[in-house]
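Please have the sequence and the model at hand.

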Amino acid sequence: MTRGKSGEPPAASMEELVRFCSQHVTEKRTFVLFRRGTCVVVDEPCADPLAEARRKLASCPESEAPFVPEPTREGDLIVTFKEPVFHRFTRGELSALGPWLDQIAPALLTPAESVAAVDGWSPHQNAKVGLLARRRMLEDASQAVPMKIIRAKSRATAAR
């Protein structure tokens with residue numbers, strides 16, 4: 001993980017995310033990774049996976065976008081949104097983020113969520129990670145800066 005700006009958590013490891021997505025790419029599935037770690041799954045065949053990923057990402061940016069945090073057998077956490085859009089946190093990232101999330105989680109809530117929260121209430125740790133994933137996804141949706149497109153080798157060769 002890389003350290004974020006002062007007051008921000010460590011950024012997601014792009015190399016680790018590329019490695020993860022590369023293991024799951026198929027002839028029918030491409031991954032587009034954005035600057036803040038948002039990953040968008042694009043169905044193949046697709047003439048322009050970046051344009052399709054941006055379209056899918058643009059349909060997600062509700063300030064209260066619902067998310068589902070799913071733990072994996074390996075101890076990682078994948079946070080999914082309504083489109084095939086997700087964030088992945090490794091066990092090491094979760095460990096490093098824990099203390100920061102405990103302090104900052106209330107600031108990741110939307111105003112409506114804050115009003116609905118009872119005094120002293122704190123979301124479950126996985127929900128705190130989901131709130132961070134949502135914040136990062138919203139940032140990627142507002143400035144969709146692609147970092148990597150991962151396609152099957154035969155698909156990438158055929159597209160040239």
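A salt bridge is a side-chain nitrogen of Lys or Arg within 4 Å of a carboxyl oxygen of Asp or Glu. By this rule the count comes to nine salt bridges. The model is a predicted one, in which local features need pLDDT of at least 70 and side-chain atom pairs count only at pLDDT 80 or more, while totals for chains, interfaces and linings use all residues. Residues are numbered from 1 along each chain as its sequence is written, and side-chain values use heavy atoms, with hydrogens and water left out.

One of the salt bridges joins Glu16 to Arg19, with 2.9 Å between the closest N and O atoms. Helices (H or I, at least four residues) and strands (E, at least two) are DSSP runs, numbered from the N terminus. Because Glu16 and Arg19 are three residues apart in helix 1 (residues 14-24), about one helical turn separates them.

A second pair is Arg88 and Asp76, whose closest N and O atoms are 2.6 Å apart. Arg88 lies in strand 5 and Asp76 in the loop between strand 3 and strand 4, so this pair ties together parts twelve residues apart in sequence. Salt bridges that share partners join Glu16, Arg19, Asp76 and Arg88 into one network.

How do these residues stand in terms of accessibility? Buried means under 20% relative accessible area, exposed over 50%, and partly exposed in between (1.4 Å probe, protein chains only). Arg88 and Asp76 are both buried. Glu16 counts as partly exposed at 22% relative accessibility, and Arg19 is partly exposed with a relative accessible area of 46%.
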